[in-house]
Amino acid sequence: MSIAENILKVKQRIYDSCLKVGRNPDEVTIVAVTKTVPIEKIKEAINSGIKDIGENRVQELLEKRNSIENVKWHFVGHLQTNKVKYIVDFIHLIHSVDSLKLAIEIDKRAKKINRIIDILIEVNTSGEKTKYGVEPEKTIELVKQISENCEFLRIKGLMTVAAFLPDPEEVRPMFRLLRELKDEISNLNLKNVEMKHLSMGMSNDFEVAVEEGATIVRIGTAIFGPRN
């Protein structure tokens with residue numbers, strides 16, 4: 001199938017999942033994850049209506065940005081503090097803030113160029129040692145610390161990478177946990193915190209994520225096919 005057909009299929013699956021739980025499909029943004037995907041394939045996706053592109057590595061993001069225009073860039077991978085300076089002037093949303101140290105560095109760089117940066121807090125909902133993210137029970141404390149210490153950051157929601165399991169139903173509790181955390185944080189009415197987004201769900205489990213309230217799904221394989 002072509003990339004255009006794949007995108008249509010993903011949109012249809014999102015529509016069906018929304019229908020199931022009484023949600024509006026317009027609430028769900030597809031971020032096409034383009035790690036290792038060549039420029040021409042990315043342009044094909046953009047020509048088929050994709051407006052949001054997600055990258056895992058700063059180097060790759062910078063290289064691709066030179067050839068691709070008029071998209072919103074999302075950083076979805078683990079961000080090292082020494083790489084922040086390369087993306088603050090243009091990034092649309094950083095999905096993977098999981099420490100006060102990283103938040104302070106982004107804030108410092110944002111202040112220098114007088115630009116507000118939107119971020120999501122990455123939560124490790126699976127408890128896997130190999131995954132990044134703040135522990136669920138420490139999430140609210142981190143949000144409070146960032147709210148108090150980082151004037152140039154706006155926390156727009158939460159992100160998680162669920163466990164990769166054969167049956168997507170098995171990851172539902174992880175998505176539900178993230179949604180419950182989002183609701184809990186919303187009720188605190190913290191400064192510079194607007195729990196607008198849940199970035200959760202990838203090619204193998206995005207339908208369950210949408211049923212549980214995802215507003216952003218990060219799709220790579222289901223759009224571009226298996227990675228090299």
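**Exercise 1. Overall form**

What percentage of the 228 residues of the protein chain count as buried? Determine also whether the radius of gyration agrees or disagrees with that of a compact globule.

*Solution.* The model is predicted. In the protein chain, 49% of the 228 residues count as buried. Helices and strands are counted next: the chain has eight helices and eight strands. Along the principal axes, the C-alpha atoms fill a box of roughly 50 × 40 × 30 Å. For 228 residues, a compact globule would have a radius of gyration near 17 Å. The protein chain has 17 Å, so the value agrees with that of a compact globule.

**Exercise 2. The pair R172 and E211**

*Solution.* The cut-off for a salt bridge is 4 Å between a side-chain nitrogen of Lys or Arg and a carboxyl oxygen of Asp or Glu. Through shared partners, salt bridges join K20, E169, R172, R176, R179, E211 and E212 into one network.

**Exercise 3. Two further salt bridges**

Describe the pairs K111–E151 and K131–E128 by distance and by accessibility.

*Solution.* The whole structure contains 17 salt bridges. In one of them, the side chains of K111 and E151 meet at 3.4 Å, N to O. K111 lies in helix α4 (residues 100–112), whereas E151 lies in the loop between α5 (136–149) and β6 (153–159); the pair therefore ties together parts that are 40 residues apart in sequence. K111 is partly exposed because its relative accessibility is 48%, and E151 is partly exposed at 45%.

The side chains of K131 and E128 also meet in a salt bridge, at 2.7 Å, N to O. K131 has a relative accessible area of 23% and is partly exposed; E128, at 28%, is likewise partly exposed.

**Exercise 4. A charged patch**

Which residues gather in a patch of positive charge on the surface, and where is K196 found?

*Solution.* The patch of positive charge on the surface consists of K11, K51, K72 and K196. K196 is found in strand β7 (residues 193–199). The relative accessible area of K196 is 48%, so this residue is partly exposed. Patch membership requires over 30% relative accessible area and no salt bridge.

Conventions: Residues are numbered from 1 along each chain as its sequence is written. This is a predicted model: local features need pLDDT of at least 70, side-chain atom pairs count only at pLDDT 80 or more; totals for chains, interfaces and linings use all residues. Side-chain values use heavy atoms; hydrogens and water are left out. Patches are made of residues with over 30% relative accessible area and no salt bridge: like charges are joined within 9 Å, nonpolar side chains (Val, Leu, Ile, Met, Phe, Trp, Tyr) within 5 Å. Accessible areas come from the Shrake-Rupley method with a 1.4 Å probe; for residues, only the protein chains shown count as cover. Lys and Arg count as positive and Asp and Glu as negative; His and the chain ends are not counted. The place of a charge is taken as NZ of Lys, CZ of Arg, CG of Asp or CD of Glu. Helices (H or I, at least four residues) and strands (E, at least two) are DSSP runs, numbered from the N terminus. Buried means under 20% relative accessible area, exposed over 50%, partly exposed in between (1.4 Å probe, protein chains only). The radius of gyration is taken over C-alpha atoms; the globule rule is 2.2 Å times the number of residues to the power 0.38.
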